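Hello,

Here is the structure for you to look over. My notes follow below.

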Amino acid sequence: MRPAEVVRRGSGYLERHGVEAPEVSAEALMMRVLAVDRAALYARDRGLSAAEARAYGRALCLRCTGTPLQHLMGEQGFRRLVLTVRPGVFVPRPETEVLVGVALELLEGTEGPRVVDLCTGSGAVALAIADERPDARVMATDISEAAVALARENAERLGLAVDVRAGDLFEPLPAACRGEIDLVVANPPYLPVELAADLPPEVRADPPEALFGGLELMRRLFTETMAWLRPGGALAVECDERAAAAVAAAAREAGFHEVFVRRDLNGRDRVVGARRP
Ligand SMILES: C[S@@+](CC[C@H](N)C(=O)[O-])C[C@H]1O[C@@H](n2cnc3c(N)ncnc32)[C@H](O)[C@@H]1O
């Protein structure tokens, strides 16, 4: 049977098991198993070897039981980059590309900006900024050692200079940078923990410390950011759509001005931006 036909059947199998966008997973997993691109997959007449068929069947089973497609593929596209991803570190989401867009807007007119990405995970935001603003000096932190290791690995593979450090928010950064930063960007954990039981398995595959948080962490982040930004420096944070108004209010309470809320591609309030007076 041609691989294209196996993909069609695989897609039906995933659909029957309630997997979202089954055709996307079925096709991507076949490309991974055969190590070919889309065109080569559909051009191939030769059927699957026994080993390929076994590998494809195993991948479909894992997908059915909630393993995220990105964990099975080992990579995720983000802005202009393809990042390595793996279990134990948050998988970057498409909506976070909007956070990068806001960050780049806030950097317009600043040459050689100093940027800090807090809660960097795989390094997605820091690396995208380093890629799209090659004059930026980017530092990133994460409390998870696994995330720091992956972000460093991504930086090295992509040839992007990002200084990644392990620790709580700004704690691992050089004290000399206090009051000197042009932009602080962050996608902190922000889901209410009460939602945990209702989350789909793909989301629950992310580490809990990457998912659950709230206004308390956001407030601490704002207070510390105020001390690390230069006067006129900017802040951009991703937040839960239901909390955007409260997050914007917390930014004002922390002393920020020019506070605004930006929607993601689904029209949901997703990013809060602001400036230090
Ligand atoms: C939602 S993930 C975002 C990852 C990445 N920025 C992205 O957008 O794909 C949140 C990240 O924050 C990290 N984190 C949680 N609490 C932290 C803290 N107090 N200081 C630094 N990082 C923290 C988690 O380990 C996780 O990697």
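Asp-206 counts as buried because its relative accessibility is 3% (buried means under 20% relative accessible area, with a 1.4 Å probe and protein chains only). This is a predicted model: local features need pLDDT of at least 70, side-chain atom pairs count only at pLDDT 80 or more, and totals for chains, interfaces and linings use all residues. Residues are numbered from 1 along each chain as its sequence is written, and side-chain values use heavy atoms, leaving out hydrogens and water.

Asp-206 sits in the loop between helices H9 (201-204) and H10 (208-211) (helices are DSSP runs of H or I, at least four residues; strands are runs of E, at least two; both are numbered from the N terminus). A polar atom of its side chain lies 3.1 Å from the backbone nitrogen of Val-91. Leaving aside residues up to four places away in sequence, Asp-206 touches Val-89, Phe-90, Val-91, Arg-93 and Leu-211 (contact means heavy atoms within 4.5 Å).

Now the rings. There are 2 aromatic pairs (ring centres of Phe, Tyr or Trp, the last by its six-membered ring, within 6.5 Å; planes under 30 degrees apart are stacked, over 60 edge-to-face, the rest tilted). Phe-170 and Trp-228 are stacked, because their centres are 5.2 Å apart and their planes at 10°. Phe-170 is in the loop between strands E5 (162-166) and E6 (181-186) and Trp-228 in helix H11 (residues 215-228), so the pair ties together parts 58 residues apart in sequence. Phe-170 is buried at 2% relative accessibility. Trp-228 is buried at 6%.

Phe-222 and Phe-256 pair edge-to-face, 6.0 Å centre to centre with 70° between the planes. Both Phe-222 and Phe-256 are buried.

Best wishes

Notes:
Buried < 20%, exposed > 50% of the residue type's maximum accessible area, 1.4 Å probe, protein only. Polar contact = N/O pair within 3.5 Å; in protein donor to acceptor, adjacent residues only side chain to side chain.
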